[in-house]
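Work through these exercises with the structure open beside you. Try each task before you read its solution.

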Amino acid sequence: MWGGLRPIRSRLILDVLTIAVLLCCSVAPPDEANNAALVAACAVTVASAGLTSRWPISFPLAPLLALQGLRRFEWVANCSWTAASIGVLSALLIAISVALTILFPAVELRPINGKYHVGVVDLHLPVDFTESVRRGSLLGTQHQDDHGVPSKSHVSARLLYPTDEEPEHVPYLDPESSPLLCDEMMKAGAPGPLKAFGWMLHTWRLTTIRAKRNALPARENKFFPLSVFSHGLMGISSIYSYQASNLAAEGFVVLMVEHTDASAVAVKRRDSSHLLYDSSLVSELQSERIRTQEYETKRRVQTQHRVEECLSALRVLRKLNCNGIPDLDALGISFVNKLDVSDVTLIGHSFGGCTVLSAAAQRPDLVSAVVAHEPVVSWMPDDARQSLLSVATKEGEEKKNDSDGEGRKESIHDVDMLFLYSEEWAEKGWGAYHQIKELHDRQKLGPKGGTSEVGVISKAKHQEFSDTCMLTPLWLARATGLTGERNPHDTAEEIGLRTVNFLHATRLKRQIK
């Protein structure tokens, strides 16, 4: 019925029971027992999901309650035409509720079966952006003090990691920020008439991930590899929960950065205020006030901002192996002597893929591997993009061919890279697919004898690298071009499996050397 989506079982049962009670109450005599059952059904729905999180039921409830209230008046009972009209309208409202419940189910992500349970903590990493601001690598005043002086700041992030503690149902979206997030996601991505209807995404507020909030790291006597995850345009870390959780369940400590270049729909700052998405660039491009080249130039400035945030966050993450930070210390969580700081993967989707490739080009010495899910390569700064796509001189080619991948890394091609594209992007050549594929075919992608790979996910679309398609009704996602022909859960599982297999192969190669 739902094309492979996974309705939340408990919520579905409650929805069915609520609708059944409403149907019985609408045909039964309007006595006290009937009224009590009707009120109880409404109260349970509102108490368990609020007024809008199950809007397919709660919205028809208000007029239905009013109609059922009218049945208590004697003059209604004595007027057959009025009584019949109330019955027809009540049946219509219940039918609408049934239809909306089927069309817009509350859904969950597919469970992840890895080696570990997953711990999760939301935190603000203390970072020093002084040099970045002085170099002009950061946008605006996000990391300056009130006097415009470069200063220490914080990066908002979510940390997922292996734990031994039993998982719970952790809200998919931050409960405090979720109404704002839903509103901003609709404003940023929905068609014009629907932009004001943020409540349509409130069903996502019922979704949870299987993890343990503020859990202690796994006690296993081993060092866990690190991963920094960069979200895409109009994204947030939460909508990549499946892929990040998949990595954590395989033993990776995953830091998901919330970028402050105004590319995220909303970023919660340390003071609980929010930095919102800036749609002005897209609007200028669509209205032809700027040309594509100027648009890409401005995006490249944002990319450099994102790179500074990723690299600064990575430095703090590496230091956790020696010292704690206030946010973690307050929770009694320590990663001291638990991290393999020599094993670092940068991973990102779309704008995030562009970001991590640029970060690896800038500091290949800090990185072991890069995973780019449909990167917007044209948004990479010029030097980073040229480093990736160009083999500048014959001497450079010979040096690369002679490299055995050991020693100090000086180029992004000293780092193993996985590029994954949807069939849609590969066919259209987006994300520099043909150039990247040619480099791989010529054995010029990544270090000689390495594990670099270029793959295509069949019958998939761009958004399927995030959780969006697993949370959006399939009929709607396919009608709007978000989802391909496959079950989006199967697509996400393939993406996760190919990513993990690549990282395991890369680690095995390093161990052999």
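## Exercise 1: A loop alanine

Task: Decide whether Ala 262 is buried or exposed.

Solution. Ala 262 has 16% relative accessibility, so it counts as buried. The cut-offs are these: buried is under 20% relative accessible area, exposed is over 50%, and partly exposed is in between, with a 1.4 Å probe and protein chains only. Ala 262 sits in the loop between strand S8 (253–257) and S9. Helices (H or I, at least four residues) and strands (E, at least two) are DSSP runs, numbered from the N terminus. Last, check the backbone. The phi of Ala 262 is near 70°, a positive value in a residue other than glycine. Most residues other than glycine have a negative phi.

Before going on, note the ground rules. This is a predicted model, where local features need pLDDT of at least 70, side-chain atom pairs count only at pLDDT 80 or more, and totals for chains, interfaces and linings use all residues. Residues are numbered from 1 along each chain as its sequence is written, and side-chain values use heavy atoms, with hydrogens and water left out.

## Exercise 2: A loop serine

Task: Find where Ser 272 lies, and state its phi.

Solution. Look in the loop between S9 and S10: Ser 272 is there. Its phi is positive, about 75°, although Ser 272 is not a glycine. Now the surface. Ser 272 has a relative accessible area of 45%, so it is partly exposed.

## Exercise 3: Helix H7

Task: Work out what span helix H7 (residues 178–189) should have.

Solution. Use the rule: the expected span is 1.5 Å times one less than the number of residues. H7 has twelve residues, so it should span 16 Å. The end C-alpha atoms of H7 are 16 Å apart, which agrees.

Then ask which residues of H7 are buried. They are Ser 178, Leu 181, Cys 182, Glu 184, Met 185, Met 186 and Ala 188. These buried residues pack against strand S9 (266–268) and strand S10 (274–276). Contact here means heavy atoms within 4.5 Å.

## Exercise 4: Salt bridges

Task: Explain why Glu 184 and Lys 187 are about one helical turn apart.

Solution. Start with the bond. The side chains of Glu 184 and Lys 187 form a salt bridge, 3.4 Å from N to O. A salt bridge is a side-chain nitrogen of Lys or Arg within 4 Å of a carboxyl oxygen of Asp or Glu. Glu 184 and Lys 187 are three residues apart in helix H7, so about one helical turn separates them. An α-helix has 3.6 residues a turn, so residues three or four places apart point the same way. Compare the two partners: Glu 184 is buried at 9%, whereas Lys 187 is partly exposed at 48%.

Now take a second pair. Asp 122 bridges to Arg 158, with the closest N and O atoms 2.7 Å apart. Asp 122 is in strand S3 (residues 117–128) and Arg 158 in strand S4 (residues 152–163), so the pair ties together parts 36 residues apart in sequence. Asp 122 is partly exposed, at 37%. Arg 158 is buried, at 4%.

## Exercise 5: A buried threonine

Task: Name the residues that Thr 45 touches, not counting those up to four places away in sequence.

Solution. First locate Thr 45: helix H2 (residues 32–49). Its relative accessible area is 0%, so Thr 45 is buried. Its contacts are Arg 11, Thr 18, Gly 50, Ile 57 and Leu 61.
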